[in-house]
Amino acid sequence: MDKVRIRNLKKEDLNAIVEIDQKVLGQSRREYWERKLETMDARASQTSFVAEVEGRVVGFILGDVSGWEFGVPDTIGWIDTIGVEPDYQKKGLATALARELIKNLKSLGVKTIYTLVRWDDWDLLQFFRAMGFARGDMINLELKI
Ligand SMILES: CC(C)(COP(=O)(O)OP(=O)(O)OC[C@H]1O[C@@H](n2cnc3c(N)ncnc32)[C@H](O)[C@@H]1OP(=O)(O)O)[C@@H](O)C(=O)NCCC(=O)NCCS
């Protein structure tokens, strides 16, 4: 796609991200994103990107490097969330965002990238599969209380 610019995510991108998230999920999560971007530290802002088309933010990816949380070493990186505005999907934007993040994580010493996807979220599963992701060693456990 022409005129796509991938750049670091900034706190000022809040409105655009809330809007994309709402279009993708069908519900507004402004407070969630406000909190998330507010607590985003310098490190996370280095590993999170947006895609701009003609100056408008139409996609984002949030990544991070593990600081030994969950007992995993800092050679582990995470993809937290990825979203592309419906009108701009299937044009390679998520691929461009993920490639930039992967390049960045690699330069920070990351050797493996983790992400969590709902088992029935086919779009995301297909996307990650197309990016070369496979099932990992971690098992997701939960207890309903
Ligand atoms: C999954 C998602 C990020 C893909 O974005 P995208 O920009 O359309 O992805 P790309 O164009 O880079 O697609 C790359 C590859 O992924 C796969 N893929 C992407 N979307 C797909 C879909 N809906 N169905 C099947 N395969 C898909 C394809 O293999 C595709 O390659 P191709 O176009 O050559 O076939 C986008 O559909 C999205 O934002 N979905 C909602 C995600 C979500 O719920 N996020 C949490 C809240 S924001």
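Predicted model: local features only at pLDDT ≥ 70, side-chain atom pairs only at ≥ 80, totals over all residues.
**Entry 1: Thr 47**

I looked up Thr 47 and found that its side chain reaches the backbone oxygen of Gly 63 at 2.7 Å, a polar contact (a pair of N or O atoms within 3.5 Å; within protein, one must be able to donate a hydrogen and the other to accept it, and residues adjacent in sequence count only if both atoms are side-chain atoms). Residues are numbered from 1 along each chain as its sequence is written, and side-chain values use heavy atoms, with hydrogens and water left out.

I placed Thr 47 in the loop between α3 (42–46) and β2 (48–53), where helices (H or I, at least four residues) and strands (E, at least two) are DSSP runs, numbered from the N terminus. Is Thr 47 buried or exposed? Its relative accessible area is 0%, so I wrote it down as buried (under 20% relative accessible area, with exposed over 50% and partly exposed in between, for a 1.4 Å probe and protein chains only). Not counting residues up to four places away in sequence, Thr 47 touches, among others, Ile 61, Leu 62, Leu 101 and Leu 108, a contact being heavy atoms within 4.5 Å.

**Entry 2: Asp 13**

I found Asp 13 in the loop between β1 (4–8) and α1 (14–25). Asp 13 counts as buried because its relative accessibility is 5%. Leaving aside neighbours within four places in sequence, Asp 13 is in contact with Arg 7, Asn 8, Val 50 and Val 57.

**Entry 3: the ligand**

Which residues are closest to the ligand? I listed Ile 82, Val 84, Lys 90, Gly 92 and Thr 95 as the closest of the 20 residues that surround the ligand, each with a heavy atom within 4 Å of it. A nitrogen atom of the ligand lies 2.9 Å from a backbone N or O atom of Ile 82, and an oxygen atom of the ligand is 2.6 Å from a polar backbone atom of Lys 90. For Asp 123, I noted an N or O atom in the side chain at 3.1 Å from a nitrogen atom of the ligand.

**Entry 4: the largest pocket**

I finished with the largest pocket, which is lined by 24 residues, with Thr 115, Leu 116, Val 117, Arg 135 and Gly 136 nearest its centre. I wrote out the term: on a 1 Å grid over the protein atoms alone, a pocket is an open set of points where a 1.4 Å probe fits, with protein on both sides within 12 Å along at least five of seven lines, and lining residues have an atom within 4 Å of a point. β5 gives the largest share of this lining, 4 residues, and β4 (76–84), β5 (112–115) and α5 (122–130) each supply at least two.
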